[in-house]
Amino acid sequence: MPHWSVYTGDSVPHDGVDRLPPPPPWRAFDGEPVLPTPRDADDEASVSPDRAHRARAYVAAPESVQLVNAALVLRRPLLVTGPPGTGKSSLAYAVARELRLGPVLRWNITSRSALSDGLYQYDPLSRLYAARQAAARRAGASGAGAGHPGAGAGTEASADSAAGADGVEDHLRLGPLGTALLPYDRPRVLLVDEIDKSDLDLPNDLLNVLEEGQYEIPELMRAARHSADAATADVLADGTDTPVPVTRGRVRCRAFPFVVLTSNGEREFPPAFLRRCVRLKLRRPDREQLTEIVRAHLATPPGEADHLITRFLNRAADGELATDQLLNALYLTGVAGLDPTSRDALADELMPYLTPTADTDGF
């Protein structure tokens, strides 16, 4: 393996990311203060059985290993395309596990997703409500009553004053993208899943932030201008209840995150977006790869799964199937202890085509 490679694809955790070559001069970032990489246990969702198993059992093809390392060295996003069920999102979990990069930050894209959703969420209504409650408590403590002349106006003025003085950070939380760009000492792993489902503007909006490696939070910037005490705010990050410091509303990364953008190929992306990504196209696994995938997921003895793998490959020649359909069929037919005829019939039911074919009448 080339000396600049740190990801091996063998699923054995190690600290090889510390051997990464320096970034290209145009991709060097210097965000501060430096933050330690979170532990997997810091994010309860990251240690779910599904995510942990996917990370441990992922089988990486040589091309995937090479291009993951290229993205890490160049500090560029990795755009992963391919049919459903080829392990696009699982790759992010596998890299995070092997390189000990902490919990994967996941942003699931829909047609309504906007850049702001990935950066941070701010709730001005909860802040106003908290400010009015604080003003009411102060008014009560000072003896102001409902019958006191001007009490209503004074309470409103107090509420407005409190709204400007209370901590904005109490009503703001960083999103997965915003968290990934914090100045961590090691790259965080960010999975932007199914970016091809976004509206037309999101890829270019996302590209600008990833190109600069930084962003601003206007609400915190305004608070810092009005009060020296608000220059540094402790803000909750995605996936954890431990606050992180943000100075004057500006976030700049230090170790550029390993960003995996997945796409099912449902749309074309702008040339400027493609030019700034390392591109990996996953293909349907062949027999050898399927055998290895089955072994990794189910520990099936050699030869025991051959019949269903052959059946899966024959069916896949006529329509689109996903690898997890084969895994489901192997697991269930093995557990059920069926005879060969019943096993094949059940396997066919568990491996329906994902897209309409000529013999399904469009269903």
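Leu79 stands opposite Arg279 in strand 11, and Thr81 is placed opposite Lys281 of that strand. These residues belong to a predicted model, in which local features need pLDDT of at least 70 and side-chain atom pairs count only at pLDDT 80 or more, while totals for chains, interfaces and linings use all residues. Residues are numbered from 1 along each chain as its sequence is written, and side-chain values use heavy atoms, with hydrogens and water left out.

Strand 1 (residues 78-81) and strand 11 pair in the parallel sense over 4 bridges; two strands pair if DSSP finds at least two bridges between them. Both belong to an open sheet of 5 strands with parallel pairing, in the order 2-5-10-1-11. Strand 2 (105-108) and strand 11 (278-281) stand at the edges with a single partner strand each, so one side of each has no neighbour in the sheet. From one strand to the next, the twist averages 20°. In a regular strand the side chains alternate between the two faces of the sheet. Strand 11 has Val278 and Leu280 on its covered face, and Arg279 and Lys281 on the uncovered one.

The protein as a whole comes next. It contains 14 helices and 11 strands, taken as DSSP runs numbered from the N terminus (helices H or I, at least four residues; strands E, at least two). Of its 363 residues, 45% count as buried, where buried means under 20% relative accessible area, exposed over 50% and partly exposed in between (1.4 Å probe, protein chains only). Among contacts (heavy atoms within 4.5 Å) with a separation of 6 or more, 82% come from residues 24 or more positions apart.

Helix 12 (residues 306-316) packs against two other helices. The axes of helix 11 (residues 287-298) and helix 12 come within 11 Å and cross at roughly 130°; axes are lines fitted to C-alpha atoms, for helices over the stretch in contact, and angles run from 0 to 180 degrees between N-to-C directions. The two helices are therefore oblique to each other, given that angles under 35 degrees count as roughly parallel, over 145 as roughly antiparallel, 65 to 115 as roughly perpendicular and the rest as oblique. On the helix 11 side, Arg287, Leu290, Thr291 and Val294 meet Asp306, Ile309, Thr310, Phe312 and Leu313 of helix 12. By class, this contact has 5 nonpolar, 2 polar and 2 charged residues (Ala, Val, Leu, Ile, Met, Phe, Trp, Tyr, Cys and Pro count as nonpolar, Asp, Glu, Lys and Arg as charged, and the others, Gly among them, as polar).

Helix 12 also packs with helix 14 (residues 340-350), at an angle of about 40° and with the axes 11 Å apart. That makes helix 12 oblique to helix 14. His307, Leu308, Arg311 and Arg315 of helix 12 make the contact with Arg343, Asp344, Ala347 and Asp348 of helix 14. Its residues divide into 2 nonpolar, 1 polar and 5 charged.

Tyr353 lies in the segment after helix 14. Its C-alpha atom is separated by 8.1 Å from that of Ala316, 37 residues apart along the chain. Leaving aside neighbours within four places in sequence, Tyr353 is in contact with Arg315, Asp318, Gly319, Glu320 and Leu321.
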